[in-house]
Amino acid sequence: NDNDDFSVNVTYPPFYGQNSHPGDTATIPTTDHDEWLDLSPDVWTLEHILQAEQVIQTIIQTKAWANDEMTRTWMPQLSNIGMQIDPQNQLPAILPEISGVVDIVQVKTLKTSASKPGYQFRLREDRYPVLKLLRQKEQDLLRRGAKELDRDLQEIQNEIQHTETLICTGLAQSILATGREIVDSAMDAIAFLDVIFARAAYGKRIGGQYPKMLEEGTIDVVDFVHPVLLLSDGSGPSQQEKNIAPIDLKLSNKLGHRALIISGPNGGGKTLAMKSFGVASILAKIGVPIPTRNKEIRPRVDFVSHILTNVGDHQNLDKGESTWTSILNSCARIIEAVNIPSQN
């Protein structure tokens with residue numbers, strides 16, 4: 001609001017990165033690199049160590065974001081979700097052991113060209129002096145003119161590889177022993193936060209409003225715009241909305257007014273109108289703002305426990321069900337499900 005006397009500096013969770021946001025569908029976050037959780041330590045590579053470092057660091061930063069005063073003040077429920085991450089604060093003790101141990105270095109080999117250099121993952125020598133000594137021996141042999149198939153050079157290179165494998169396996173064992181369950185649980189919490197922000201971002205993109213929601217069975221939405229039509233050309237509300245005819249969705253909770261009959265010519269939008277009631281109910285149920293053209297009247301979409309549909313042709317020749325019989329059986333199951341609450 002331009003008339004507000006203050007502004008709130010609330011930030012996105014750090015798992016989006018500095019140059020991304022909840023509406024960004026192109027950037028792949030580093031928290032997607034979690035396949036190492038399901039690998040045994042003996043098959044870990046240095047790339048997995050680097051991925052584990054990035055993921056654990058992001059998890060720690062996300063919990064710090066959740067514990068930030070601004071987050072706790074303005075987004076307390078989201079803060080509570082984030083504070084469930086690593087309740088015993090064990091991950092900060094793991095991070096120093098793996099932080100900065102792997103470098104990505106540019107290398108040139110016979111398989112790479114000058115225009116497209118290759119890259120390798122290497123353990124840092126300042127963290128592991130034994131590797132520094134072994135690599136110095138390797139370089140000394142190369143400076144003396146050792147060739148690729150020379151025995152001494154092969155032995156030192158094999159020793160370097162064996163040492164790196166032992167270090168990598170040891171780091172993997174340390175990470176998994178303490179952090180596997182913690183990271184797995186933290187990823188669930190981060191995914192939950194991501195879903196919440198994604199719903200809000202999608203609702204903003206389609207110009208939606210959060211509806212009033214009771215439990216009386218009423219649907220009252222003025223100028224509803226179907227989200228599929230709204231974004232069908234990728235332009236969003238600003239352009240595509242001009243070509244869409246909005247509809248009013250009204251379903252009363254009064255006894256005797258619970259049914260709705262939709263009629264009209266072919267191609268007149270009957271099916272779309274009918275589906276719009278279900279779409280609006282689902283959006284409200286999962287917490288996505290309702291897209292409407294009328295921004296002055298707040299939509300109302302009451303909570304429903306079940307959304308029952310009859311879609312497609314479920315005829316079964318083995319059971320002797322024709323298309324018509326299948327439709328009747330499907331409707332019977334829907335009516336039976338609707339009547340269950342009244343029997344309890």
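At what angle do helix H4 and helix H6 pack, and how far apart are their axes? I looked this up first.

**Ground rules.** I am reading a predicted model, where local features need pLDDT of at least 70, side-chain atom pairs count only at pLDDT 80 or more, and totals for chains, interfaces and linings use all residues. Residues are numbered from 1 along each chain as its sequence is written, and side-chain values use heavy atoms, with hydrogens and water left out.

**H4 on H6.** I found H4 (residues 91–98) packed on H6 (residues 151–205) at about 150°, axes 10 Å apart. Helices here are DSSP runs of H or I, at least four residues; strands are runs of E, at least two; both are numbered from the N terminus. Axes are lines fitted to C-alpha atoms, for helices over the stretch in contact, and angles run from 0 to 180 degrees between N-to-C directions. H4 is therefore roughly antiparallel to H6 (over 145 degrees; under 35 is roughly parallel, 65 to 115 roughly perpendicular, the rest oblique). I listed the contact (heavy atoms within 4.5 Å): Leu91, Ile94, Glu97 and Ile98 of H4 meet Leu171, Ser174, Ile175, Thr178, Gly179, Ile182 and Val183 of H6.

**H5 on H6.** I turned to H5 (residues 129–143), which packs on H6 at about 160°, again with axes 10 Å apart. That makes H5 roughly antiparallel to H6 as well. On the H5 side I noted Val130, Leu131 and Arg135 among the contact residues; on the H6 side, Asp152, Ile156 and Glu164 are among them.

I followed Val183: leaving aside neighbours within four places in sequence, its contacts are Trp36, Leu37, Val55, Ile56, Ile59 and Leu91.

**Pro299.** Is Pro299 buried or exposed? I read a relative accessible area of 2%, so Pro299 is buried (under 20%; exposed is over 50%, partly exposed in between, with a 1.4 Å probe and protein chains only). Pro299 sits in the loop between strand S6 (290–291) and strand S7 (300–301). Met213 is 86 residues away in sequence, yet 8.9 Å from Pro299 in space, C-alpha to C-alpha.
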